[in-house]
Every structure is written in structure tokens, then in C-alpha cells.
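Biologist: I am new to this one. Please show me the structure, and then I will ask how you know what you say about it.

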Amino acid sequence: MFRGHSSRQSAPRLRLTGIVGAALLTASACGPRADEAGDAAPRSADDLAAGYVALAYALAEVDPLYLDHSFHPARPAFEPLDLPDIERRAGRLLDAAAVIARTEEEPRIRRIVDSLTALRLRARVLAGERIPMAEQLRLIFGLRGDDHEPDGERLRDRVSRALPGIAPIRVRVRRHDEASLAPPEEAEGVLRAALAACRREAFPDGPPMPLEPLRLRWMPPAETIRLPTGPTPFFSYEGAGRGTLRLPGGVPFRPTELRRLACHEGVPGHLLQAAAAEAQFLETGYAELGIIPLYGPRTAVFEGLAAAAERLLPSDPVDVARRGLEPVVARTLAAWLDGDLSRIEAVRALDFGAFVPNPHALLDHAGRFGSYALVRPDADPRFAAALDRLVAPGVTAEERLEGLLRAIREAMHPRDLPAVLSGS
């Protein structure tokens, strides 16, 4: 559960009728103005996009997790800024967007506004402002959440029925985990076979664009502890259809976990997404499409699509039942991140209430990534329903691929996905 692909950083390292919405309630009534430093105010969508991209790079200097992908061939110019300056300048760009939207292409302004809104809130979080996880999910990722409390007892009973035996359920879960671990020397072979199987499921007639097989790199422990992502698998995109999955060496994996990881990170998951998004940027030349922040609405779309891709390969009934407990996990993580649970209380809830194999590692992951650790399809019911259509029984591989590519190019926010996939 929640084994992250983490930050997929790329070199250079380190889209409301009339634009309605909370992000623009503070819009200036008198038109764009010069900023406090004397810079010219943006007067077009291109100007607005350039300002957004510059702020994104400035924020990435402060937060090494922030910038997920960059497709710009050269690092755009940006001014080093502190977090309050980034937040203020993002606000001024949002003011200008309300005026530019009167004459410019609305869908493009909307996606820049969504991205700026997310960037501004991320800067506030990094500056130490305490913002509830539900609000971060809504304003950064566009996920409106599900207010229904998950029925933990019913979900745990599903796990119990999937595991034979009369021992206490936690004992049976632990025995199952220990028995199903792949020895380290076998893990790479299992993963490579799963990557090939996912690719065949995604492209029965071959890939629609140049896509090299996903490369694997096992990292020694001394390297993983120095990474901002921590000891967790993460994908990096090198451009032109090439990508690498870095994995922590010495960490045990279960085969079912490796199969999910293959579809999520490779094809039709993040490798396909990055290649298609890069091609879109090169085709349009729109500056805002040249970056994908880890903390933004398009990332939520990509995470949802990758999670749906995991369902292309069969899972054992125990794994399916345990994944049904993810809403319980998410509630616990959110409560801990919001300060409503102590670490000990959260560990007990994850261990006894959701059978998480390593609660401390999961809390460390959530503490490192914050609200991003809660980005899941079932965080928003309408979003989840749209994704279900993509992998529903009866959908052909050709239809699924068509819908997937359409979603990568057109769904810049979770709210876009139901309409984009309505024909899938």
C-alpha cells in the first residue's frame, strides 16, 4: 500500500465559466499591474505561462520534491526567491489571469490558474502554514474527497475470508507476507517479466510512439538515505521515450507488488505518460506544458491513470482484499499529518486496522511527501468512477489505449477526466 514511485524528477534538476472559482475570487478589478519589483505585468497567456514556469523553478530550488518532470530543452530563466515572495508573486499572477481570461483562450488560462493555485498553496505549506489535508487535496490536486467513513470492520472481514486458517487475522496476514516475499536475487526477474507483460497488455499492436523498455537501477542503501525521496522506488524520465526505475537495494518485495509497480511505473503508467506529455509540449510549444510539478492537479490525473493500469495484470484475492483497506490507511495518514493522531496511535491504527506491513516506513513516507501521499483514485468518487470505465470488462485494448492517450493530453485536472473518458 502506498509504495510510492516517489518523485520522478527530470533534468534539469535541481486549464469554470469565465474562470470561476476560489482561486480567482481575489482577482483585480482594474487589470494587471506591474509587480512590486517593477517587472511588467503579464498581458497574454504566454506571459502568464512564462511567469508560472519561472515560479515553479524557483520553488523547485527550495523544495527538491516539487518539480516532477521538465521537458524544456534548456533551463528557463528564473529568479531565486524565498517562499513568501513565491506565494505573493503567484497571487499577482492569479490576479492578472482574471483579466487575461477575458480575451485569451479560456481552457489554457484555466490550466495555468489551476497550476498557480497549487503552487501557491504548496509554498504556504512549505513556509509552515498548517492547512488541513482535505483542503490541500482539493486546492493542490483537485480531489474533493469522500466524506463517508470507511467500514473498517467489513473491509477487514474481506481480508479474513481471503486468508484460510483459524489464527488471528493479523497473524495470518504476517504469515502470508513472509511466505510471499521474493528473494532479492529473484526480484529483478519478476519485475522484468511483469514490465513485458504490462507492455503487451497496453500495446497489442505495438507502441504508438518511441518507447524504450524501462531501465532498472538498484540503489545501495547509502545512496537511498541521501535522496529527498527516501528509500522508495521512483521513476525518472530522461526524454525521448527513455526512463529509469530506481529501486532501493535490500528491500524485500512481494511478486504481486512488483507486478503492480511494473504497470504503474512503466507502460501504460508513468513512462507512457511522460513520453506523451513531452510530445504534446513539443507539438504545442506551450511553456506550462513543459513542466509537471509533483504537487499539482495533473499529477493527480497521472497517479489515477497509473493506479488503474495496475489492474491490467491479475492479483491474488488476498492482495485485492488488502487494497480494499486503502481508505482506512488514507484516513489514518491524514489524521496523523493533521496532528489529530500521535505517531504511536497512527502506527497502531495502521497495524491493527489496516494490516500495513511496515507502519513506521509508511509514516516516514507520508511525512516526507505530505498531501501527495494521499493522492489515490478513491479520494474522489467521480474521479474513481471515470477511471473504472477505462479498465472495465469489455473495453478492448485499443479502446483503452485511445482513452488513456486522450486522458494524458486533455485531462489537466481530475474534474476533466469524466468528460474525457466518457466515450471509453
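This is a predicted model: local features need pLDDT of at least 70, side-chain atom pairs count only at pLDDT 80 or more; totals for chains, interfaces and linings use all residues.

Biologist: Why are H2 and H3 called roughly antiparallel?

Modeller: Helix H2 (residues 83-100) and helix H3 (residues 106-126) pack at an angle of about 160 degrees. Angles over 145 degrees count as roughly antiparallel. H2 and H3 are therefore roughly antiparallel to each other. Their axes are 9 Å apart, and the crossing is left-handed.

Biologist: Which residues of H2 and H3 meet?

Modeller: On the H2 side, they include Leu83, Ile86, Leu94 and Ile100. On the H3 side, they include Ile109, Val113, Leu116 and Leu126. By class, this contact has 13 nonpolar, two polar and three charged residues.

Biologist: Which residues touch the most other members of the largest nonpolar core?

Modeller: That core has 125 residues. Leu116, Leu119, Phe141, Leu272, Tyr295, Leu305 and Leu417 touch the most other members. Helix H1 (residues 45-62) gives the most to this core, with 11 residues.

Biologist: What is Tyr295 in contact with, leaving aside neighbours within four places in sequence?

Modeller: Its partners include Asp63, Tyr66, Arg122, Phe141, Arg368 and Tyr372.

Biologist: What makes Asp319 buried?

Modeller: Its relative accessible area is 3%. Buried means under 20%, so Asp319 counts as buried. Asp319 is in helix H12 (residues 317-323). Not counting residues up to four places away in sequence, Asp319 touches Arg254, Thr256 and Arg260.

Biologist: Why is Arg158 called partly exposed?

Modeller: Arg158 has a relative accessible area of 31%. Partly exposed lies between the buried limit of 20% and the exposed limit of 50%, so Arg158 is partly exposed. Arg158 is in helix H5 (residues 152-162).

Biologist: Which residues does Arg158 touch, not counting those up to four places away in sequence?

Modeller: Arg158 touches Val320 and Ala321. The C-alpha atoms of Arg158 and Arg322 are separated by 8.1 Å. Along the chain, Arg158 and Arg322 are 164 residues apart.

Biologist: How do you know that helix H9 is mostly covered?

Modeller: H9 (residues 255-265) has 11 residues, and nine of them are buried. Among the buried ones are Thr256 and Arg260, both touched by Asp319.

Biologist: What do the buried residues of H9 pack against?

Modeller: They pack against helices H7 (184-202), H10 (270-284), H11 (297-309) and H12, and against strands S3 (234-239) and S4 (242-248).

Definitions and conventions. Residues are numbered from 1 along each chain as its sequence is written. Side-chain values use heavy atoms; hydrogens and water are left out. Axes are lines fitted to C-alpha atoms, for helices over the stretch in contact, and angles run from 0 to 180 degrees between N-to-C directions. Helices (H or I, at least four residues) and strands (E, at least two) are DSSP runs, numbered from the N terminus. Angles under 35 degrees count as roughly parallel, over 145 as roughly antiparallel, 65 to 115 as roughly perpendicular and the rest as oblique. A crossing is left-handed if the near helix is turned anticlockwise from the far one by less than a right angle, and right-handed if clockwise. Contact means heavy atoms within 4.5 Å. Ala, Val, Leu, Ile, Met, Phe, Trp, Tyr, Cys and Pro count as nonpolar, Asp, Glu, Lys and Arg as charged, and the others, Gly among them, as polar. A nonpolar core is a set of buried Ala, Val, Leu, Ile, Met, Phe, Trp, Tyr and Cys residues joined through side-chain atoms within 4.5 Å. Buried means under 20% relative accessible area, exposed over 50%, partly exposed in between (1.4 Å probe, protein chains only).
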